[in-house]
Amino acid sequence: MNDFHSNFLKEVSSRLNHVEWHGQISHARNLYNQGFAKAVGQFKDLGTARRRAAHIRWKSINDLEKYLIQFESTFIKSGGKVIWARDGADACKEIMSIIQSAKATSIIKSKSLTGDEIGLQDALKKIDRKSTRLNSSHT
């Protein structure tokens with residue numbers, strides 16, 4: 001068992017014994033249930049709303065190429081620059097190229113799922129960096 005797994009299990013065990021956490025989790029669950037009930041109440045026919053949402057999701061994915069080209073055009077007209085990457089390795093290569101061309105010696109990066117998915121953390125090990133984690137005391 002690695003250190004992360006071991007530390008995680010210890011943290012979970014210690015938190016399970018705190019009554020305060022049980023109250024916070026219960027409160028969060030109640031807020032979620034209330035919000036869900038309120039949101040569902042906005043629809044006369046939830047099944048129809050779900051089918052419509054599924055259709056919109058399918059259409060968006062089906063027409064993604066068109067939407068990406070449209071976004072690129074609009075973004076460029078607004079003064080932005082779009083860099084296309086084939087995969088995570090290509091995206092990391094492009095990000096590192098930007099960092100190197102700016103002659104950056106350190107960066108501040110917040111936690112993101114996209115960064116995790118493309119393996120950005122490993123690519124950034126090549127330079128001195130400070131990582132921020134919201135809602136955490138770790139740096």
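## Helix α5: length and ends

Helix α5 covers residues 88–101 in this predicted model. Its 14 residues should span 20 Å at 1.5 Å a residue, and its end C-alpha atoms are 20 Å apart, so the two values agree.

The start of α5 has a side-chain contact to the backbone. A side-chain oxygen of Asp87 comes within 3.3 Å of the backbone nitrogen of Ala89. After the helix comes Lys103, with a positive phi near 55 degrees.

## Helix α5: buried residues

Which residues of α5 are buried? They are Gly88, Asp90, Ala91, Cys92, Met96 and Ile99. The cover over these buried residues includes β1 (106–110), α6 (113–118) and α7 (120–124).

## Helix α4

Helix α4 takes in residues 64–77. It has 14 residues and reaches 20 Å from its first C-alpha to its last. That is close to the 20 Å expected at 1.5 Å a residue. Gly79 follows α4, and the phi of Gly79 is positive, near 100 degrees.

Phe4, Phe8, Leu9, Val12 and Leu16 make a nonpolar surface patch of about 500 Å². Leu16 lies in helix α1, which covers residues 3–16.

Is Leu16 buried or exposed? Its relative accessibility is 53%, so Leu16 counts as exposed; the cut-off for exposed is over 50%. An α-helix has 3.6 residues a turn, so residues three or four places apart point the same way.

Terms used:
Residues are numbered from 1 along each chain as its sequence is written. This is a predicted model: local features need pLDDT of at least 70, side-chain atom pairs count only at pLDDT 80 or more; totals for chains, interfaces and linings use all residues. Side-chain values use heavy atoms; hydrogens and water are left out. Patches are made of residues with over 30% relative accessible area and no salt bridge: like charges are joined within 9 Å, nonpolar side chains (Val, Leu, Ile, Met, Phe, Trp, Tyr) within 5 Å. Accessible areas come from the Shrake-Rupley method with a 1.4 Å probe; for residues, only the protein chains shown count as cover. A salt bridge is a side-chain nitrogen of Lys or Arg within 4 Å of a carboxyl oxygen of Asp or Glu. Helices (H or I, at least four residues) and strands (E, at least two) are DSSP runs, numbered from the N terminus. Buried means under 20% relative accessible area, exposed over 50%, partly exposed in between (1.4 Å probe, protein chains only). The expected span of a helix is 1.5 Å times one less than its number of residues. Contact means heavy atoms within 4.5 Å. A polar contact is a pair of N or O atoms within 3.5 Å; within protein, one must be able to donate a hydrogen and the other to accept it, and residues adjacent in sequence count only if both atoms are side-chain atoms.
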